[in-house]
Amino acid sequence: MDAIALKLCDIQGRLFELSARKGYDSAAFVKAFMRSQTAKALDSTYNRMQWAGEEYLLEEVASEAALSTKGEVFSSDVLYWMGYLYRYWHYYTGESSAQIYRQAPVKTMKRNYLMFHTMDPVLAIEDLKEIHQQK
């Protein structure tokens with residue numbers, strides 16, 4: 001994983017954190033983002049969106065999906081980890097955000113946060129893939 005990829009993981013983590021500060025329903029935001037054109041742009045080999053900050057990315061997602069401020073807002077720590085790990089997963093496996101979300105939806109990520117957030121990202125991804133395969 002090169003420095004640029006790690007920076008993009010950090011930006012996505014901060015994007016997820018920002019969604020909490022804006023009061024967006026966390027489960028709905030994560031689902032909307034992971035299936036969005038914005039996430040698809042971040043998945044591509046090169047796209048101008050990869051150089052945008054989290055504020056701009058949030059505006060893009062909000063313009064694509066009707067984000068709600070009614071619902072549970074997760075802690076910043078949980079959201080940062082989710083955002084970071086989802087982007088890391090993309091770089092580790094090459095899978096799209098939509099494919100990743102199908103394997104590890106927000107409910108799975110939130111449920112496993114306490115066990116996995118201190119793990120090496122590769123180990124957490126492998127464990128999440130295994131959980132999905134057991135279903």
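Axes are lines fitted to C-alpha atoms, for helices over the stretch in contact, and angles run from 0 to 180 degrees between N-to-C directions. Helices are DSSP runs (H or I, at least four residues), numbered from the N terminus. The model is predicted: local features need pLDDT of at least 70, side-chain atom pairs count only at pLDDT 80 or more, and totals for chains, interfaces and linings use all residues. Residues are numbered from 1 along each chain as its sequence is written, and side-chain values use heavy atoms, with hydrogens and water left out.

**Exercise 1. Describe how helix 5 packs on helix 8.**

Step 1. Helix 5 covers residues 76-93 and helix 8 covers residues 121-134; their axes are 10 Å apart, at an angle of about 85°.

Step 2. Helix 5 is therefore roughly perpendicular to helix 8. The classes are: under 35 degrees roughly parallel, over 145 roughly antiparallel, 65 to 115 roughly perpendicular, and the rest oblique.

Step 3. List the contacts (heavy atoms within 4.5 Å). Helix 5 contributes Tyr84, Leu85, Tyr88, Trp89, Tyr92 and Thr93, and helix 8 contributes Pro121, Val122, Ala124, Ile125, Glu126, Leu128 and Lys129.

Step 4. Sort the contact residues by class. Ala, Val, Leu, Ile, Met, Phe, Trp, Tyr, Cys and Pro count as nonpolar, Asp, Glu, Lys and Arg as charged, and the others, Gly among them, as polar. The contact of helix 5 with helix 8 has 10 nonpolar, 1 polar and 2 charged residues.

**Exercise 2. Describe how helix 5 packs on helix 7.**

Step 1. The axes of helix 5 and helix 7 lie 10 Å apart, and the angle is about 105°.

Step 2. These two helices are therefore roughly perpendicular to each other.

Step 3. Asp77, Val78, Trp81, Met82, Leu85 and Tyr86 of helix 5 meet Val106, Met109, Lys110, Tyr113 and Phe116 of helix 7.

Step 4. By class, this contact has 9 nonpolar, no polar and 2 charged residues.

**Exercise 3. Find which residues of helix 7 are buried and which are exposed on its other side.**

Step 1. In helix 7 (residues 106-116), Val106, Thr108, Met109, Asn112, Tyr113 and Phe116 are buried. Seen down the helix 7 axis, they fall within an arc of 150°, so they line one face of the helix. The arc is that of the directions from the helix axis to the C-beta atoms.

Step 2. Helix 2, helix 5, helix 6 (97-103) and helix 8 are among the elements covering these residues.

Step 3. Lys107 and Leu114 are exposed on the other side of helix 7. Leu114 counts as exposed because its relative accessibility is 68%. Leu114 and Val78 are 36 residues apart in sequence, and their C-alpha atoms are 8.8 Å apart in space.

How values were computed. Buried means under 20% relative accessible area, exposed over 50%, partly exposed in between (1.4 Å probe, protein chains only).
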